[in-house]
Every structure is written in C-alpha cells, then in structure tokens.
Amino acid sequence: MEKFTSLTGVAAPLPIINIDTDMIIPKQYLKTIKRTGLGTALFSEMRYNEDGSENPDFVLNKPAYRQAQIIIAGDNFGCGSSREHAPWALLDFGIRCVISTSFADIFYNNCFKNGILPLVVTPDQLKLLLDDAERGSNATLSIDLEAQTIKGPDGGTLHFDIDPSRKQILLEGLDDIAGTLKSDPSISAFEGKMAASRPWL
C-alpha cells in the first residue's frame, strides 16, 4: 500500500449529505475483484448522462477538478452497503483524501486499508474548506498527516485529530497483513512460550 505522508492537490467540493456507497460506485460495477479500472465508474450516475456522455454540471467533469485528489463532502459520507469497491474507485480515480464532518464506520475503516485518508472536521471547518474548494483550479489544499494540518490556498491552517494507530498505518503504508507482521517477534515469542508450557496443544 502506498504511504500517505503529505498531499498537495486540488480539492473538489461535493456538499451533498449521505453520499452512500452506491452513489460512489453503483452495484453493476461490483462484479470485478480487481482494485483497478473502477475510476471511470466513480459517481457514474451523477457523472454521466443516460446516453453515456459526461454531465458537464458534475464537479469532477469540470476542467478545474478533473485532476482532483481531495473531496470535500457533506455529512455521513460512505453510508449504505459495506462494499470495498467504493474506496477502490476513489483511489483509482486519484482521490487520496476525503474530508467530511462524519463517515460511515465501515467505509471509514476501508479507507485506511486502501491508503485513503478520511478526515473528520467540524462543521465550521468544513464550511471554510468548501469555500476554498469553490475556487476551481486555485482550490489547492496541502495536507500534512504527520503535523495533522490542512493548509488552504491563502495559507490559513486547520488542525485535525486522528487516531494515532490509524495515522501510523498510513504513514508507513501498512495493510492489515503488514501491520500484523510488525508484531511478529512478540507473536513468535508468545507461541514459543505456549508450546513450551502446553506441549499438548
């Protein structure tokens, strides 16, 4: 998994509440078990018209936001079903950070497993970030995970909280298996002790 230490990129405003995983990646795209190739289907029902052409009004189709790496979203992002294809689609498009006031638990956990930083901010902070994101190609935010800061295009800085263990997972680029293997010496020592004291097991 790619490490997340810092990110400077365009932030796309998506001030919609309750964006569920079916909106992020509709069910017809769930047949694949590959993590790649889903970026074109991200938000497809909002992104494309019925004839398959792009909806010019959708934010990620606007020239200023086509290369967005950050999404600023409304409350309760990632609700609905537990499909891991949702963070896969975001990542394949190029999104490395989603900022909201709240996330659905399963989606939130899946983000960390896939190298995406889901940032929880206050409503007042979200309003400031949405204002920044409305600047089009000038809507550039800089996120420093180590310092736990977000810098806006005018240099203003916001601080965010994050669980230390989740922070470390992203900083080191650890998936579940790699994270477990970090504890291999302790696990091996425990197993050796158990084998010596309970050889019948």
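Biologist: Before we start, which cut-off decides whether a residue is called exposed or buried?

Modeller: A residue is exposed when its relative accessible area is over 50%, buried when that area is under 20%, and partly exposed in between. Keep in mind that this is a predicted model.

Biologist: Thanks! Then why is E146 called exposed?

Modeller: Its relative accessibility is 51%, and the cut-off is over 50%, so E146 counts as exposed.

Biologist: What makes E146 and K167 a salt bridge?

Modeller: Their side chains meet at 3.9 Å, N to O. The limit is within 4 Å, so the pair qualifies as a salt bridge. K167 lies in helix α6 and E146 in the loop between β5 and β6, so the pair ties together parts that are 21 residues apart in sequence.

Biologist: And is K167 buried or exposed?

Modeller: Buried, because its relative accessibility is 11% and the cut-off is under 20%.

Biologist: How many salt bridges does the structure hold?

Modeller: There are 7. One of them joins the side chains of R135 and D154 at 2.6 Å, N to O. R135 sits in the loop between α5 and β5, and D154 in the loop between β6 and β7.

Biologist: Why is R135 called partly exposed, while D154 is called exposed?

Modeller: R135 has 37% relative accessibility, which falls between 20% and 50%, so the label is partly exposed. D154 has 62%, and exposed means over 50%, so D154 is exposed.

Biologist: Let's turn to helix α3. What makes it largely enclosed by the rest of the structure?

Modeller: 7 of its 9 residues are buried, so the helix is largely enclosed. Those residues are H85, A86, P87, W88, A89, L90 and F93. They pack against α1, α2, β2, β3 and α4.

Biologist: Which residue follows α3?

Modeller: G94 does, and its phi is positive, near 120 degrees.

Biologist: R96 is in the loop between α3 and β3. How do you know that R96 is buried?

Modeller: The relative accessible area of R96 is 10%. Buried means under 20%, so R96 is buried.

Biologist: What makes the meeting of R96 and E2 a polar contact?

Modeller: Their side chains are 3.5 Å apart. The limit is within 3.5 Å for a pair of N or O atoms, one able to donate a hydrogen and the other to accept it, and this pair is listed as a polar contact. R96 also touches other residues, including F4, L7 and L117.

Key:
Residues numbered from 1 in each chain as written. Predicted model: local features only at pLDDT ≥ 70, side-chain atom pairs only at ≥ 80, totals over all residues. Heavy atoms only, no water. Buried < 20%, exposed > 50% of the residue type's maximum accessible area, 1.4 Å probe, protein only. Helix = DSSP H or I, 4+ residues; strand = E, 2+ residues; numbered from the N terminus. Contact = heavy atoms within 4.5 Å. Lists of a residue's contacts leave out its neighbours within four places in sequence.
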